[in-house]
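Work through the exercises below with the sequence and the model open side by side. Each task is followed by its solution.

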Amino acid sequence: MESADKNFMRRALELAARGRGSVEPNPMVGAVVVRDDQIVGEGSHQRFGGPHAEIFALDEAGENANGATLYVTLEPCCHHGKTPPCTDRILAAGIRRVVMAMRDPFPAVAGKGVEFLQRHGKEIVVGCLEQESRQLNAPYLTLLDKGRPFIHLKWAMSLDGRTATTTGDSKWITGPLAREHGHQFRGLVDGILVGIGTAMADDPLLTPRLPGDESPRRVPVRIVLDSRGRLRSDSQLVQTAKVFPTLVALTNIARPADVARLSSLGCECIVFRPDADGRVPLVDLAGVLGSRKMTHLLVEGGSSTIGSFVDEGLVDSLRIYVAPMVMGGAGATPAVAGIGWPTLADSLRFQFEPPVSVGPDLFLAGSVVNRVQESLPTSEDPTNPFSARRSRLH
């Protein structure tokens, strides 16, 4: 039975992943209804505010759901939100057994769905492929646990870890297929962030530009760290601010006239008290973005900005494109600047997925080791500390 449960749960996880970029800030959820060892219904949460995965699966199963087993990647909801409780529908369908990957830490659920179903005589199994479910929904769990988005750091570099030559030449390090691959991910995130140095040097647009008629699933907010209000009025970011949402994070060091200038041109300006180095306090900014229910933040550079996020421990994953070239030069720009860590033992560690070839380039994706999967309690933990927030990674 355990082996069969895992097989059906793997299918539910595959279905859940279809919602990436469409359901946030909700979690990705998949559901499978099985009767007599045959799948009779499948479903996934498809869009924010839409029906939950269980509803689609039960609708497809119809009368075959009576006496069947429901596999779901996250604890079914038991409260009225944007949709009615899934637990009521599970009872009405006659489901006999519910196998779920993990409890939902959302305070309105947080074990209450399990308790409700058990009170009504349903056989409950919790923890089937729990780690895989936590990995899939790490952004959702991070937002709940830390009150900030899941933060991806992204860069393109040479084999020797450089993002620009000694003269500053950086276009283009990777080929068109790698850049298209990067744009695909841009269309799945809530925000794309760069520092003022990159904004001024590259004059980026920071929008997902996809091939053909393909549309991004999300319209990300373009975010610029600009402590002194130096972003130019004729930059692409400012010129398109009334079309694409643009947030400029400043400090009170910036002249009020520059804050007013950027605001008048369509930028949303947020002024922070500067940190000890006179810069935008990244922890505070991350908290603001989390309060807006941003689930994914993509930090694209430059090296000083990426280094600052690393120094603050504000990193959950890396997305790195490696070109088959060597730049050389002690003065060439490194991928990650900042203060750094004094010893190897202090350094952040990552677990990488197998590399993927994107044309002549390599794509590497990795997650910080000992992250949200370990900081949040497992389904077997009887405590309920979800109201407490952990402000730092380590």
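**Exercise 1.** Which residues of helix α11 (residues 282–291) are buried?

Before starting, note that this is a predicted model, in which local features need pLDDT of at least 70 and side-chain atom pairs count only at pLDDT 80 or more, while totals for chains, interfaces and linings use all residues. Residues are numbered from 1 along each chain as its sequence is written, and side-chain values use heavy atoms, with hydrogens and water left out.

Step 1. Apply the cut-off: buried means under 20% relative accessible area, with a 1.4 Å probe and protein chains only. Helices are DSSP runs of H or I, at least four residues, and strands are runs of E, at least two, numbered from the N terminus.

Step 2. The buried residues in α11 are L282, L285, A286, L289 and G290. They lie on the same side of α11, because they cover an arc of only 140 degrees around the axis, judged by the directions from the helix axis to the C-beta atoms.

Step 3. Past the helix comes K293, with a positive phi near 65 degrees.

**Exercise 2.** Describe how strands β1 and β2 are joined.

Step 1. Strands pair if DSSP finds at least two bridges between them. Here, β1 (residues 30–35) and β2 (residues 38–44) run antiparallel and share six bridges.

Step 2. R35 has Q38 in β2 as its bridge partner.

Step 3. Two residues separate the strands of this hairpin, and D36 in the turn has a positive phi of about 55 degrees.

**Exercise 3.** State how much of the protein chain is buried.

Solution. Of its 394 residues, 51% are buried. The secondary structure comprises 13 helices and 17 strands.

Technical notes. Buried < 20%, exposed > 50% of the residue type's maximum accessible area, 1.4 Å probe, protein only.
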